[in-house]
Structure formats: structure tokens, C-alpha cells
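Subject: Structure handover and notes

Dear colleague,

I am passing on the structure that I mentioned, and below it you will find notes on what was found. Please read them with the model open beside you.

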Amino acid sequence: MATKKVLFLLALVILALFASGCTEEEPDAEEIAARMLEKQNSIEDYSYTMHMTYYIGENVVENEFKTIYKKPHMIKNFIEEPGGKEETLTLSDGEFRWTYAPGTNTVMKTKIPETPELTDDDYLSIIGITLNDTNVSLLGTEEIEGRETYLLEATPKRTGEETSEYNMKVRIDKETWMLLGYEMYDSNETLISKVEIRDLKVNTGIPDSEFEFKIPDGATVKTMDAGEIELPEELSLEETEERVGFEILVPEYLPEGYEFSHATAYNTSETAPEGQASETVILNYEKGDEGVIITETVYENQAPEAAIMNTAENITINGEDGKYLSFGDMKTLRWEIGNTDLSLTASLEKAELLKIAESIRENA
């Protein structure tokens, strides 16, 4: 799907640029790749606060977290609460990756592979793919919180196929070659998200003790080897129905040209804490590079609340309450049928999404 592909590729630009650089003159693809790898080698550690703002219709959603990083495999993401108390979200101590879900008070402990997940060749490959699908250009320079920055623009290249035209403006610190922020715009040049990097510190000699994970009181710890994490298998509808314990609901209506591509199925009974397990099926319908994604989940208990949906518009689907959320060119519906929680995501108009949703019904 073009939109997901563009967002993924632009995200890779951000990750690669975070410890990288560019030349003062507008660089070509080879120069950007070379500078990225060169500057990564000079950074031993860094810390910063990331402030994120999402513009969803007339609503503005903001959140913030802090990150500490140290080569080769230590990283800590956390939220600082009033009084200086820290709530760790994810942490890698060099041997294990720890992920904490405060809503369920659950910790996932994953063994980090002995072989690094990314090598120099992998970074070069990622950079090459990104530059083949986007145009990255130097717009000029700007001062951000007293720092001189390069202002870059990343836009998807036009192809013969229909493309969702997101674009991103990225700011890179001239002194440290670190990312200081970015803004993402939709095809109408409307700002849909903004990220600001604050209190940036580089190569300060962060001690290993910063990466000791403290298990919260009463938390359930689930241990998993990295080798156990597998990419989801693409299934037919028939194969999916054999793997899940609930009725899969399919739309009777789809816009012209859209056809079923594949499904994936997830069951969290082995990893979720008691009472929090769920089964999920994701149905993918495609038309060229465009897609419709329908997600159906049955929870062991009550479905968790998605905070971002609090800003969504209230709607009705076949007499049932639902939510509609527009984020740039992407739109999402969320509602329930019986004990199944459904979401529908696509870049279609609202009326088309509602028509698809209303055609999804329980079998008589």
C-alpha cells in the first residue's frame, strides 16, 4: 500500500539521519549514504526529550518521552513523572530487551541476538531503498533553540501508479549531525504531525548503570527468545478460519477494483498476562498500491481503550456506536459487532468507509 510504504520509508530516513549528516551543498544519494555511516561512528552516546504533536481534524494530541542511548545495544525510553519518578517503557541493557506495558503491568523480556540485527551493509541497503523511493533535498538552514540546523525535505517520487503524497521536513543539527525535529504534511500540505527533539546531549559518557531495568512492583514478566519472534504468515481466508476461534466477518461491499490479498492471525494467549489475552485477524484488500485493512479482535475480557480515539468523531454503523478518525489522508473507523472489536483503515473518503463498514454483518 503506497501510503504505508511512504510512511515506512520516511521513518527510515528519520532513523538514519538521527546519528548522521549531510553536506552543506545539496547531496546526491551516494553522499548522503556515506555521511550517514561516517557520522554514526563518532557518536558513542546521546540523550534527548522527544515532544510529539498530532493534528487530528480540529483536535491536537501531545505526548512526550525521553531517550538515552549508548553503543552498541543500550537504549532506554521512559516517561518522567512529577517528582522525578521514571516510568520505563522500553529498555535494552545489552543482553536483554525489556518492554513494559503499564496498562497491564506486564514486562516482556527478550534475549538480544548475539549477531547485531543491523550491519553496515544493512544500513547501506536501507538508505539505498529509501533514496530510490523518495527525493531528499536541502532547503536551507534554520536556527532551533540556539542551534544551527540543516532543513531537508523528503517527498515520495512520482511513479506511473497512484501515490499518496506525504512529505516531510527534517531538521539536522550542524554541530552534532543529530535530528532536531521533523514535520509531516499530507497531500493537501496540511500539517498532521510534528516532532521536536529537546535537551539534546551527545557523548557525555553515560554509565552502564542507566540501563539497569527495575521491574515494577507486582508486574508479570514474560520471557521470550529473539528467535521466537517471527513475521506473521500470509494466509487465505480458509486458512485463517481454521486458526481462530471466532467468526471472521467479511465485507459484502468494496469499492471497484479492490480484491482480497491475504490475512494474518495473532493469538496472545501465550504472552499476555492472565485475563488480557486476545485473538486478532487482519484482512488486507488491495487495488494496486492502495489498500483497505480490516482488523477484527476478540478479547478475553474488555477491549482496552485507545487514548487517541478520544479525539475521534462519534458515528453510528448499523445502529451501533462507533468512532471516525481522520489523520491526514488516512481514515479509520472503529466499532463493535457482538463481542468482536473492529477497525477499518484506508485512504478512501468517509462515505466509502461507512459503506464498507455497514456491509460487514454477522452471518445469520
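The protein exposes about 19,700 Å², of which carbon and sulfur atoms supply 46%; accessible areas come from the Shrake-Rupley method with a 1.4 Å probe, and for residues only the protein chains shown count as cover. Please keep in mind that this is a predicted model, in which local features need pLDDT of at least 70 and side-chain atom pairs count only at pLDDT 80 or more, while totals for chains, interfaces and linings use all residues. Residues are numbered from 1 along each chain as its sequence is written, and side-chain values use heavy atoms, with hydrogens and water left out.

Of the 364 residues in the protein, 43% are buried, where buried means under 20% relative accessible area, exposed means over 50%, and partly exposed lies in between (1.4 Å probe, protein chains only). The secondary structure comes to five helices and 19 strands; helices (H or I, at least four residues) and strands (E, at least two) are DSSP runs, numbered from the N terminus. Among the contacts with a separation of 6 or more, 52% are between residues 24 or more positions apart, contact meaning heavy atoms within 4.5 Å.

Five bridges join E16 to E17, which run antiparallel, and here Ile 315 stands opposite Gly 322 in E17. The hairpin of E16 and E17 has two residues between the strands, and in it Asn 318 takes a positive phi near 50°.

Turning to the aromatic rings, those of Phe, Tyr and Trp (its six-membered ring) pair if their centres lie within 6.5 Å, with planes under 30 degrees apart counted as stacked, over 60 as edge-to-face and the rest as tilted. By this rule the count comes to five aromatic pairs. One of them is the edge-to-face pair of Phe 96 and Trp 98, at 6.3 Å centre to centre with 65° between the planes, and both Phe 96 and Trp 98 are buried. Phe 260 and Tyr 285 also form an edge-to-face pair, at 5.6 Å centre to centre and with 75° between the planes. Phe 260 lies in E13 (residues 259-267) and Tyr 285 in E14 (residues 278-287), so this pair ties together parts that are 25 residues apart in sequence. Phe 260 is partly exposed at 31% relative accessibility, whereas Tyr 285 is buried at 6%.

Best regards

Note on methods
Two strands pair if DSSP finds at least two bridges between them.
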